[in-house]
Structure formats: structure tokens, C-alpha cells
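Subject: Structure for your review

Dear colleague,

Please find the structure below, together with its sequence. My notes on it follow.

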Amino acid sequence: MKFDDRLPRLSRRSLLAGALSSAGLAALSGTAAYADVRAPRVLIATNEPWGTYHVAPLLPEARRQGWEVTQLVPDLSGIKPGDPVPVVTPDRVQDADLLVVTGAGDWPAECAARFRRLPLIASSLAYQLPVEAPRAKEFRDRLRAITASSPAEAKVFDDYLGTRRPIAVVGTSQTDDLPRHAPEPGTVLVLTSVTRSSSTGGSAPGTELLLAAAERLAAAGKHILVGLHPREDRSLWERYEISSVPSVQASARAEAAIGIPGTVFPVVAAVGVPLVGCTDPRLQIPEYLLSVCSHTITAADAALPAVTEAKPVSREVLYEAVGPVGGSARRLLKVWRKAGVRV
């Protein structure tokens, strides 16, 4: 499709008249004109009250569009200096246009109860389990819209919230700037989870298996590159190279990746990296996260053959698990604006 960028020429008098007319309208409308252009102000409450890493990928597009996105936290104890995500405690909120909850845990439910007058939207930014959350019933009738990254995630989120409503599939903002896959020979990315629970969030079983798998791979001559979960114990992995960039960016260097299946798995698959999942009987993992794994293992000795044989997933499987790639944050903000922003 071709666009014609030739515009009609305007006389100097026409331009001056237009400018004066605009100035007059602005003067007459006063605060109304200001209200039309001020930044939408959005509060976000997550199941991990201090876990800002799920909100961070939204910030570049939010800033481009002039949005103010702030995460609600109980206090500042779990926020590290220099965290790029703006945070605020509920008692310090002066004004807002929309509340977004990313789950139905205790903290989102408490925030929904506190800000009853705000329009409310639920947006899945991390995986949940397909079991109705006990507190979802407290606010689900208020939801103006629900979003999820992919068709598979939407089905799980629907069960989790206990709703039977249309869910907008918008993709995940982590795919908006995917790196080009340029694997370095022999490099395997290890995707960690969280070994120990904290006030910020829970742990995931399987770290012992993943550590043993990494040892087997290193002994076979593989270079181990670790994509560290933001809450993982760094000391467990210091014998290997720990990536200085986020796991999705680090995956561009890897011939394959191995880890405990989590939210990042479909995004790494979208880069084109074959995945191997470490599973544990105590783990509860949605099926769509397992679907992007070329193999799953339950024993460390299976790591080397699984990594060696791993292949990228098909486009059909990828779309079902990760959703549309690129432009996801823009689609998400469009839903927020249309369904809920009060400006």
C-alpha cells in the first residue's frame, strides 16, 4: 500500500488564523482542555506485591504514549534502589484513572477493595493455575475487561478468575523487542526459578534437578549461561556465567535452554531457542508452558541428550502459548484505554 505524503499548501494568513483560533479555544475551554491531554494514571497490583519485574516491560510503550504507570506496594521494604518501576503505597495515592490487577491473590484483592471507585481491569502478566482463586469472587463482577497474552493463557486466566467472559488476547510486551537469535556454539541457557520463598513471592520445586542438570551439561563441555530469576539466590549459580542482561536477551546466545517452566518460557521460544523443561512431581505447571518444551526431564542424566536433540516449536504451538508477537504493550494499553481509563 502506498501513501501520498503531499499535503496542500497553506497560506501564511491561514496558518496565523488557525493558530489564533486554537489559542482562543484553549483559553475558553480552560481545565477541560487540560483534562484532554493529561497523562492517564494507572495503578497496578500484582500477586507478588514487591515484584516489579512483570510491570517493567510495559514502561517503554507507556512512556511513548504519555501514560503514568505505577505499581502499588504495601511498603518500600522490598524495593531495591534504582528500580525503574515507579511504586506507591495506597495511603500515598492522590489520584488515578484506572486500577489493574494481574491476579487475585491477597494483595490485588485488598487493593481492589480499597479503590472501589476506580474502574477495574484484570491483565495476566504472569502464569496462573487453572483453579479459581479464593478471592477472585470479591471483585470479578467489577471487571470492565480482562486481557491475557495468548489463547492458552486466556483459558487458564478465565478458570483462575472464575469467569466465563471474553478475554482480549494481546500478546506479551516481552516480545516487543525480541533479540535476533545468534547462538554461540556449545552455549546452553539455564533458566532458574526461585529456590526460597520470601515475602515477595513463593518458590518453585525442581532447583536441585536443574543444578544437577547444569553440572552434567558443564561436564560434557557445554558453556553454561544462567538467566537468573529476579528473586533467585545468586550464590547457587556463581560457578557459571550469570547473564548481565535479562533472560530473553541472553537467550539469543544459546543453542538451547533448560529450566523450570515458567512465564519466560514462551517468550524464549519466540526467540527461536529450543527448550528443555525440568519437571518435579511437586510442580504445578499449566500445560501450555510444557507445550513449548521440546523435551521434559525428571532426572539429571537426561539433560545432555534432551538438550542435544531439542528443536524449536512450531508456529502453531508458539502462537497458542505466547500469542501475537510484537506491538503487545500497545494493544494492552488500547484495551485499558477503551475499557477503563477515566479521563
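At what angle do helix H8 and helix H11 pack, and how far apart are their axes? Before the reply, two remarks on the basis of these notes. This is a predicted model, in which local features need pLDDT of at least 70 and side-chain atom pairs count only at pLDDT 80 or more, while totals for chains, interfaces and linings use all residues. Residues are numbered from 1 along each chain as its sequence is written, and side-chain values use heavy atoms, with hydrogens and water left out.

Helix packing

H8 (residues 264–271) and H11 (residues 315–322) pack at about 145 degrees, and their axes are 9 Å apart. Axes here are lines fitted to C-alpha atoms, for helices over the stretch in contact, and angles run from 0 to 180 degrees between N-to-C directions. Helices (H or I, at least four residues) and strands (E, at least two) are DSSP runs, numbered from the N terminus. The crossing of H8 and H11 is left-handed (the near helix is turned anticlockwise from the far one by less than a right angle). On the H8 side the contact (heavy atoms within 4.5 Å) is made by Pro266, Val267, Ala269 and Ala270, and on the H11 side by Leu318, Ala321 and Val322. By class, this contact has 7 nonpolar residues, with no polar and no charged ones (Ala, Val, Leu, Ile, Met, Phe, Trp, Tyr, Cys and Pro count as nonpolar, Asp, Glu, Lys and Arg as charged, and the others, Gly among them, as polar).

The six-stranded sheet

An open sheet of 6 strands has the order S10-S9-S8-S11-S12-S13, with parallel pairing (two strands pair if DSSP finds at least two bridges between them). Strands S10 (241–242) and S13 (295–297) stand at the edges with a single partner strand each, so one side of each has no neighbour in the sheet. S10 pairs with strand S9 (residues 223–227) in the parallel sense over 2 bridges, and valine 226 has isoleucine 242 of S10 as its bridge partner. H8 packs on this sheet, where it touches S8 (187–191), S11 (256–259) and S12 (275–278), and its direction makes about 160 degrees with that of S12.

S4 runs parallel to strand S1 (residues 41–45), to which 4 bridges join it; leucine 43 has leucine 99 of S4 as its bridge partner. S4 also pairs with strand S5 (residues 120–123) in the parallel sense, over 3 bridges.

Leucine 72 lies in strand S2 and, at 0% relative accessibility, counts as buried. Leaving aside neighbours within four places in sequence, its contacts include Leu43, Leu99, Trp107 and Phe115.

Aromatic pairs

The count comes to 3 aromatic pairs (rings of Phe, Tyr and Trp, the last by its six-membered ring, with centres within 6.5 Å; planes under 30 degrees apart count as stacked, over 60 as edge-to-face and the rest as tilted). One of these joins tryptophan 67 and tryptophan 336, whose ring centres are 6.4 Å apart with planes at 50 degrees, so the pair is tilted. Tryptophan 67 is in the loop between helix H3 (59–64) and strand S2 (68–72), and tryptophan 336 is in helix H12 (residues 328–339), 269 residues apart.

Yours sincerely

Methods: Buried means under 20% relative accessible area, exposed over 50%, partly exposed in between (1.4 Å probe, protein chains only).
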